[in-house]
Amino acid sequence: MHKLASLLFAIGLAALLIGLAAQLPLGMTPMVVGQAILEQAPGETGSANIVTSVVLAYRGIDTLGELAILFAAATVAGLVLAPSIHAESRLRAKPRHDAGLVLRAGSDLLFPLLLSVGFYIVLHGHLTPGGGFQGGVVLAAAFFVSFLARPARQPSHVGIVLIEALAGASFIGIGLAALLGGGAFLQPVLDKGTLGQLVSAGSLPLLYLAVGLKVGAELSGLLAHLAE
Amino acid sequence: MTAWIALVLVGLMLGAAVLVLYLDNLVAAIAAASVVSLLLSLLFALLAAPDVALTEAAVGAGLSGAVLALGLRRLGLIDLGKREYPDA
């Protein structure tokens, strides 16, 4: 009975989707918005990477929503997988050893490399592929590797939460600054500069820096929380 | 040429994805799932989507494996913390 109901549901859903798909003019997408963005984005936002101009300038509120979703997901994952009070007291009592030589040496080698790669990806988000989300994940990986090597020397929770909160607040603050300046919320402000320069594209690099710090702090906090 | 590279990548991805289902060792299954993401990021790079490839490599191949492993350990399904050399 249960299987029959599932089968009927699947058939009904398939019929619905096929019916919808049959009406679509496949292969004849007009692509009006995409074409317009490709033509106008470098001039309008000053960002050499068109993906960044879409993510932060044309669809800035979507990015804010994405940050909110990531925040909710990280919070819930930390809540669901949090150690019980019982396990916590047991962990506190047990002294935490450093990892073996290979992991420690590897982490000493990787940490500065990952840190500079992460900040490079974040700060060059408006010039080359990448940006706050990707660079933030690399930053989180850097801190997680060093945490794995030396569990006793973990970064302070207060510091992580502070960085995350300040980064999230400054993202919204830049959006509100655009609003106060007479534009729309999250509209790019500041001087656009020369296309392709590191300091260009107005407020987009600042927004990506905020995104990168927020994502990095959030994910390294989650990983450290899970690893405890 | 590009089509052949893509075919090889897709074949390897399918193999790794089937391995995820059939491996008994959960750590190995997580590693196989990361391999799927890594090959997918190569495929994205091949399709001239470097932004997506970067995200897939960082999140799919790197972070999600760590989160899966830590989650499984927290649920008591695997023991990552087993120390072979306690005094090293």
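**Core.** I looked up the largest nonpolar core first: it has 51 residues, of which A:Val137, A:Ala140 and A:Leu223 touch the most other members. A nonpolar core here is a set of buried Ala, Val, Leu, Ile, Met, Phe, Trp, Tyr and Cys residues joined through C-beta atoms within 7 Å. I noted that α3 (50–58), α4 (60–80), α6 (101–123), α7 (132–149), α8 (157–180) and α9 (204–227) of chain A, with α2 (26–46) and α3 (50–74) of chain B, each supply at least two residues of this core. The largest share, 14 residues, is that of α9(A).

**Source of the model.** I record that this is a predicted model, in which local features need pLDDT of at least 70 and side-chain atom pairs count only at pLDDT 80 or more, while totals for chains, interfaces and linings use all residues. Residues are numbered from 1 along each chain as its sequence is written, and chains are lettered from A and ligands numbered from 1 in the order in which they are written.

Two residues are in contact if their C-beta atoms, placed from the backbone, lie within 7 Å.

**Interface.** I found that 18 residues from chain A and 16 residues from chain B make the contact. On the side of chain A that touches chain B, α7 and α9 of chain A are the elements giving two or more residues. The most, 7 residues, are given by α7(A).

**Fold of chain A.** I counted 9 helices and 0 strands in chain A; helices (H or I, at least four residues) and strands (E, at least two) are DSSP runs, numbered from the N terminus. The radius of gyration of chain A is 23 Å, well over the 17 Å that the globule rule gives for 228 residues, so chain A is more spread out than a compact globule. That radius is taken over C-alpha atoms, and the rule is 2.2 Å times the number of residues to the power 0.38. Buried residues (20 or more other C-beta atoms within 10 Å of their own, with C-beta atoms placed from the backbone) form 33% of the 228 residues in chain A.

**Helix α2(A).** I checked a kink of about 45° at A:Glu39, shortly before the proline A:Pro42; the bend is the angle between axes fitted to the seven residues ending there and the seven starting there. After α2(A) comes A:Gly46, with a positive phi near 75°.

**Confidence.** I read a mean pLDDT (the predictor's confidence in each residue, from 0 to 100) of 82 for chain A, with 93% of the residues scoring at least 70.

Technical notes: Buried ≥ 20, exposed ≤ 12 C-beta atoms within 10 Å, placed from the backbone.
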